[in-house]
Amino acid sequence: MKKMLLLKYLTATTLGWLSGTAAFAQSPLPVYLDENEPLEVRVTDALSRLTLEEKVALCHAQSKFSSKGVARLGIPELWMSDGPHGVREEILWDSWGAAGWTNDSCTAFPALTALAATFDPEMAYLYGKAVGEEARYRNKNVLLGPGVNIYRIPLNGRNFEYLGEDPYLASVMVVPYIRGVQENGVAACIKHFALNNQETDRGGVDVEVSDRALREIYLPAFRAAVVEGGVWSLMGAYNRYRGQHCCHNAVLLNDILKGEWRFDGAVISDWSGTHSTLEAAENGLDIEMGTGTDGLTRNTTNAYDSYYLAQPYLQMLREGKANLKTLDDKARRVLRLIFRTAMNRNRPWGSLATEAHADAGRRIAEAGNVLLKNEGNLLPLETGRIRSVAVVGENAVRGLTHAGGSSELKVKREVSPLEGIRNRFGKTVKITHTLGYASGPSSYGRVNPSPLDADSLRREAVKRAREADMVLFVGGLNKNHGQDCEGGDRESYDLPFGQNELIEALRDANPNVVVMLVSGNAVAMPWIDRIPAVVQAWYGGSEAGNAIASVLSGDVNPSGKLPFTFPVRLEDNGAFAGGSLSYPGENHRQVYAEDILVGYRWHDTKGIPPLFPFGHGLSYTTFDYGAPVLEQPIVYGTCDTIRLGFTLENTGKRAGAEAVQLYVGKPDSSVFRAEKELKAFCKVFLRPGEKKRIALTVPVASLAYYHEGLKDWLVEGGDYLLSLSASSGDIRHRIPVEISLPVADGTGLDFETETLSLTELSKKPTE
Ligand code: BGC
């Protein structure tokens, strides 16, 4: 390599001299700066020029949200920002305090649960592209998101930051998000790897989960981010797995991520998620962030030098106690990340808080809103029939883009539900608003009680309800500690602040009640039988209010589907049913008792009816799922994909979109399985009366289960059952399918018993 570099240098200088041009014009670029060279050649060149100290300096923070480059060589530092719903405001160099800039207000995009509810990968790309443009404009190199931890229990305070309970849905949605972000020369940072499925004891809990559940449920979205999305960075989780913290976990980071999946990016610790030098050095951590907080900087000249991967690491390397090759691997990964982002001269410029971004956010929020119930077609709101609306509820006016923890945002604008409703209906309908309940000021880690009197708030709301044609209750959770907020789980499955009683009282006063839930989590609905219409509106970001009004008015026909199950009672949730060792854990130990039966897999398999099933969402129109046709036979080697065709027809009077879903089960499986699992979906837009031919495909390989003994994925031949569905609880057609796998000796086909590993199958001849 050195010889090659020398030759290149001589050739370039000789040519410059021979052609007689000015020396500075022809002075050769060092290879690492030459963008015509392949990335790996440049990284290798840069690495060869670094001192031991410079390499170590790449491996830890230099401020709350940045890490060093190599100033001597013109290699820039890395700037990171949260993520994932917008670009966080500037934070002080050494503490969590806001820097107080006036040019860092951003667009808040809908929370990731809302994105998942769109069931539309095009929306995920639109989201990633827009938020990536904002990150680029703000000169951020790494956007700390998206999060793909699986929704295991409705109490997790951070569920709103994730993509729901199904590994397939999360995998399909995360890939275009990453692509959209990274096209801006900004790295996405997939987080939190792995098993960070709750906030309670998040830094201490040691998660015990079967290898099968790990592989089939908790890892697929991370794998998709790495293998299909080509994500450039990944954040370790706070919790422990097999006794080791996930930010320096040999199995997760070395064996799976960097070994099996060949991740070539950098592993970044969660802030204060690093706990040892040697383990972090050897077990896959590349950049240590956030270890020192405010207090640590007070008495030392540079607290960042005290990080585990700073002076203590350097010392161990000098003493031969840590491996130099491992250091080189880390430095190489960090350089790669810098070259892909901060040093990428071809990046676009980005843009901040533009109308285009507001519009993208609005479209995503509109497509994600879920119509849960609509008895008697109370919605859409007909302005001829309804002349006055009593809007009740704190979430109608409360800012919901700030607070909530690290995903908090400082927004250029936030249209509240009340504002959106007034914008849309204000001229034709009399709109009043009253709080009805009050929660107290928003804070992180602390709840201040409301100074307002609950009884008088309720009395006033009931009075308004009586006087109006319709009541629009806008409540749900908020971003306070103990609600949808980082750092703590919810304390109850019920709606807080007396909302259940309030909803009943409103219904007693007026039968036309629409409940609009703004939350990132499922909630109990003891009043559901009495309330005619319910909309799940999520946290909609800057354009939340306008998106809500579009759906209420019918300007946009709701098409969102639930990305997680709403159980009737908390006890019906699989994780909760396993007792306190399963959730929230005992003495830092936690066993995922429900194993692979997460979310709808649990409800379906155990026969526990949910309040609303995964994938559920109504529309103002109706869709007919025509008889499906299956391309048969499925003989692996000749055909390795199941193809199901059918005609979807909009049989109603309004244009609308439907997310059709295909689940697959194997009733006679030789191993325990969930009754059915989502294996394909597709969002289809149809005008009234329009029909479209839809093709859904399922690769046979995706039917494999993880065999713990063999540590491999196995596909069973034989009979499967496809369920073409409008939700996991609304199956329109059941279609049996038989899959034949080639027998091991290649002489024939065994239809019933053959089980082959994906490794074996990939070796089989195709004829
Ligand atoms: C969160 C991360 C976040 C980081 C930086 C941590 O507390 O878990 O998701 O990116 O802080 O704000």
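Colleague: What are the ground rules for the values?
Modeller: The model is predicted, so local features need pLDDT of at least 70 and side-chain atom pairs count only at pLDDT 80 or more, while totals for chains, interfaces and linings use all residues. Residues are numbered from 1 along each chain as its sequence is written, and side-chain values use heavy atoms, with hydrogens and water left out.

Colleague: How many aromatic pairs does the structure hold?
Modeller: There are 24 aromatic pairs. Rings of Phe, Tyr and Trp (its six-membered ring) pair if their centres lie within 6.5 Å; planes under 30 degrees apart are stacked, over 60 edge-to-face, and the rest tilted.

Colleague: Why is the pair of Phe65 and Trp96 called edge-to-face?
Modeller: The ring centres are 5.8 Å apart and the planes stand at 75°, so the pair of Phe65 and Trp96 is edge-to-face.

Colleague: Why does Phe65 count as buried?
Modeller: Buried means under 20% relative accessible area, exposed over 50%, partly exposed in between (1.4 Å probe, protein chains only). Phe65 has 7% relative accessibility and therefore counts as buried. Trp96, at 37%, counts as partly exposed.

Colleague: What makes Phe109 and Tyr127 a tilted pair?
Modeller: Their planes are 40° apart, with 5.4 Å centre to centre. Phe109 is buried at 2% relative accessibility, and Tyr127 is buried at 0%.

Colleague: How do you know that the charged end of Arg152 sits over the ring of Tyr592?
Modeller: A charge sits over a ring if NZ of Lys or CZ of Arg is within 6 Å of the ring centre and within 35 degrees of the ring normal. The charged end of Arg152 is 3.7 Å from the ring centre of Tyr592.
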